[in-house]
Amino acid sequence: MDKIKLTIDNREVEVENGTTIFQAARQMGIDIPALCYMKLDNLGVENRPGGCRICVVEVEGRRNLAPSCSTVCTPGMVVHTHTMRVINARRTVLELILSDHPKDCLICPKNGRCELQDLAARLGIREIHSVENAAVSTYKKDTSPSLKRDMDKCVMCRRCETMCNDVQSVGALSAVNRGFMAVVAPAFEQRLVDSNCTFCGQCVAVCPTGALTEVDNTGKIIQALMDPTKKVIVQTAPAVRAALGEEFGMEPGTLVTGKMVAALRRLGFDEVFDTDFAADLTIMEEGSELLDRLGRYLQGDKSVKLPILTSCCPAWVNFFEHNYPDMLDVPSSAKSPQQMFGAIAKSYFAEKIGVDRKDLVVVSVMPCLAKKYECQRDEFKVDGNPDVDYSISTRELASLIKSANIDFLSLPDEDFDAPLGESTGAAVIFGATGGVIEAAVRTAYELYTGKKLDRIDFNELRGLEGIRHATIDFNGLPVNIGIAHTLGNARKLLDGIRAGMYNFHAIEIMACPGGCIGGAGQPFHHGDSSVIKARMDAIYREDAGKALRKSHENPYIIKLYEEFLGKPLSEKAHHLLHTHYFDKHD
Amino acid sequence: MPNYKMSLLCCGGTGCRASESVRIVERLREEIAAAGMDNDVQVVVTGCFGFCEQGPIVKVIPDNTFYTNVKPEDAEEIVKEHVVKGRKVTRLLYEDPDTQKHISDSKHMGFYQKQLRIALRNCGFINPENIDEYIARDGYEALAKVLQGTPQEAIETVKKSGLRGRGGGGFPTGLKWEIASKSPGKEKYVVCNADEGDPGAFMDRSILESDPNSVIEAMAICGYCIGASKGLVYIRAEYPLAVKRLQIAMKQARDYGLLGDDILGSGFKFDIEIRYGAGAFVCGEETALIHSMEGKRGEPTVKPPFPAVSGYLGKPTNVNNVETFANIPVIFLKGPEWFASIGTEKSKGTKVFALAGKINNVGLIEVPMGTTLREVIYDIGGGIKGGKEFKAVQTGGPSGGCLTKKHLDTPIDYDNLTAAGSMMGSGGMIVMDEDDCMVSVAKFYLQFTVDESCGKCAPCRIGNKRLEEILDKITKGKGTMEDLDYLKNLSKVIKDTALCGLGQTSPNPVLSTIDNFYDEYVAHIVDKRCPAHKCRALRVYAIDPDRCKGCTACARACPAGAIKGEVKQAHVIDTEKCIRCGACLEKCKFNAVTVQ
């Protein structure tokens, strides 16, 4: 690529052709403030509407100020990022934005993590020129099982819209109304629950302010923990341990499994279990289902639906229920690990400890906001009692720990409780895109071929590429695997299958960029996608360090089948561990 | 085809139709039939004559008699007197306001004398629903000519003419075409911007209603030049007559092989589709227009990329407005040199203006670039209504600036208007007199831009709202001098930072009125007084004791009980209680109530 030279703040810089002023400035250590702009480098996500006008700079020879995020450098360009004209414009525009923003920062769910708050602090805004009775734009509040919308706090950065439309291809959110009342909302300002929202929460993950937040269940958890009549147990998803440390100032990618367990125990949970156990169980069921379908297919049964699609991701389930109602029999019928855990906890475990399911409270800690919705689905309740009572995000767990006077950094490492706390490396990698299918391959290969795997790491299934595929040799049988993360990529893959472009046997789909490690319940990445990469590396590190790395080798899983379920896909397993899907297409 | 000896041209533009011109046509036809002259005399429904103030217009050909303010009941007299007996109906002729003499031929009227009609050349002359009439006036000859040469030659011609975009931006049209033609891509689009949104402006509508074929011909020429086979007209759905006439013209052009697969046997393929706009002002901005056509939210995006590179569906797209296109055929017929000989150094040709406000001759006019505001307002516009004093003229639509007496001798062109703090815009021209309050005027325009902002960028979405609020505060007598400083700073920042042309110009009415009518702002702020007595909150009603007869009419009319006084004694208004409704002023028969 050609290089061009330009001058920024009296210093010459050479950049690749096509570089924006914003990027060029970054390269030379000039950090131009911005609000709406967001780029997730290794995920190919970019939001660049040029709407906030905070990143404006002066370009010599240009009549007005230029938005540096969307102005491409030209040879010989002379740019000034910090002149009186720029400072005045930037502050005035920020004051305008603040003038139409609630001032309840102290009690805002985003307090301390708000990019608008940071910007106001950074630019040193101390007062806002205001007109008496100046209008503020207010909107109806909206709550769903997973997400909350308080659009009074919307700054029209359009990041949520980019995620919902461009990345996820869901299209639940778009700008509505004109002028001062313009805001991002579902069509006709419907409630989210009435829209085709999948509750993936990627809008929440990128919202710079408190406009989009998760439903906070921490209060309910505290109440349950303090209730002497309840036995409260907790399960933690694989991606949580790779990100929780960030909330306590630790480097992204720091694994805090042991500290997390210790903290949960100190919070008062009666048993600290691991969703990873259920992930191993998922592999047993889903892997067996794959082998079953594959076997029947190879025997010439044309009614068999292939490829089999994973069903662990609740946002993905919502997505195909809304968008592919004709394909409801294609995904695996296996419940997600969260729900498998709940079903086993409130049957097998409850029986084991002699507690009525109504007195057993199952809490899940998830990197995900769609899980809040999932655990409220009617099919996951017995007589109105949910298998999983409450789901909280990684962020909510951090907030619980902080509020319970626990000094997280000084905690010792502790181990999960038995029996639902034991897991293999295969379960850990569920947290990263490609991980579920890699875990499934590890087990399916050995069950199908009856041979031990020479190598456990399937690097061809890993990475951050949006759509990936690989063929795994099952002892002479080539098994074609497809992987997609983000729902937009899922749609591409599914449409490709419909069009007969692909010939896959199994496909893994995760709604969030990077998989669960990039989930909407994780600590905010604030547009820095290296954070997601670091979490991914941590997940694979944890796997590599595990003694057992194949789900079918988990001794407690083996015991569960022996004592309770019989074998994979048994009638009992079907009853407890499998589900069905609904046509939600309007 | 009958050979008519006489034609009665009746305006079928939207304005005259609103004044029953359809009924006039019916009545004229009935009377002609009754006189047994249907084979000799025809009634032609034309587009707008421009002189809307005097409409409905009926023009008699061949003697060029120009009847004004015609009513359906006048049809009988026009036919019986003029058509049958050859005697003009004097009472329907235009009366010169200066000499009080009747003028029969429009070319002797002040309104038309200084005009030069290029874009409007066929308006009022032809039946827009009959392509033959357009062809009879050299229609489609330019296209035929262009198709015989290369696209590059035709682009050179447009470049040489010096034509600049008439939609407001003033970008050189030939250069725009050249960029689109050089832009790589097999599929390209020609878009006609007919999303005319300036309040009071109706030149594009008028052209489409009066001469739709000129736009179709020009779009085909443009398509040939840039290598597009598809044209799209983005038109407001509120222009049903323009849509209907455009559809008729497109069908007729297709029937004649002037649109379609093999135009005039040249092998060139071009056709046009209509896309409807829902009436969002910002959709006049070309990127917003394109997004609206794509079915997306009508909001602008950052340029570059320009539509010439990535426009409709991501394909190279050339967007020109109706008036720009209407100029094109003439440039090829009369030559670019001829066109370039009209106008000023950097602004060639003519410009159509919609003349409105406190002016005698409201209507649609077309003048050579370089005509002064004075000529437009006084010679063509006939001066200020009611003999009042000229105060300001607002050019360029809602985002234009207000120019004053000192600008009257400024020759109108793109650069002069911009230098004076206003702009050409699409050609709105609203004249104000001494009764207009300039703070209120600025507030009015801000209300418009606040309503029409798409809300995408912060300065326009929030900034304009704040400008409006401060202006409102000032008109209520609550403003401070600090507000005035902030108003100026905020206006400058909005201009400097807004994403698209709407926000970049919306503070113009504020800045230009502060620049030109600073004292009026100060009067509102410091003296709590509106010099034009327009701002209700600042009006002070009083009763002149010398004139008051004590009739009590005002006291009885006052809804606030603010007027006290004994019968036959002078009354007094309690200003604290007064709600400034003006009821007393209306009731008083002795002119005793005064307003300050």
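The model is predicted: local features need pLDDT of at least 70, side-chain atom pairs count only at pLDDT 80 or more, and totals for chains, interfaces and linings use all residues. Residues are numbered from 1 along each chain as its sequence is written, with chains lettered from A and ligands numbered from 1 in the order in which they are written.

**The sheet in chain A**

Four strands of chain A form an open sheet, with parallel pairing, in the order 14-13-16-19. Helices (H or I, at least four residues) and strands (E, at least two) are DSSP runs, numbered from the N terminus. Two strands pair if DSSP finds at least two bridges between them. Strand 14 (271-274) and strand 19 (390-393) of chain A are the edges, each pairing on one side only. Neighbouring strands are turned by 25° on average, direction ignored.

Strand 13 (residues 231-236) and strand 16 (residues 360-366) of chain A share six bridges in the parallel sense. Thr236(A) has Val365(A) of strand 16 as its bridge partner.

Contact means C-beta atoms, placed from the backbone, within 7 Å. Axes are lines fitted to C-alpha atoms, for helices over the stretch in contact; angles run from 0 to 180 degrees between N-to-C directions.

| Helix (chain A) | Strands (chain A) | Angle |
|---|---|---|
| Helix 6 (residues 218-226) | Lies across strand 13, strand 16 and strand 19 | About 125° to strand 19 |
| Helix 10 (residues 337-353) | Touches strand 13 and strand 16 | About 155° with strand 16 |

**Domains of chain B**

Chain B is divided into domain 1 (6-108), domain 2 (131-339), domain 3 (350-433), domain 4 (438-525) and domain 5 (540-595). The bounds come from an automatic or database domain assignment. In chain B, the C-alpha centres of domain 1 and domain 3 lie 29 Å apart. Six residues of domain 1 of chain B are in contact with seven of domain 3 of chain B.

Key. Contact = placed C-beta atoms within 7 Å.
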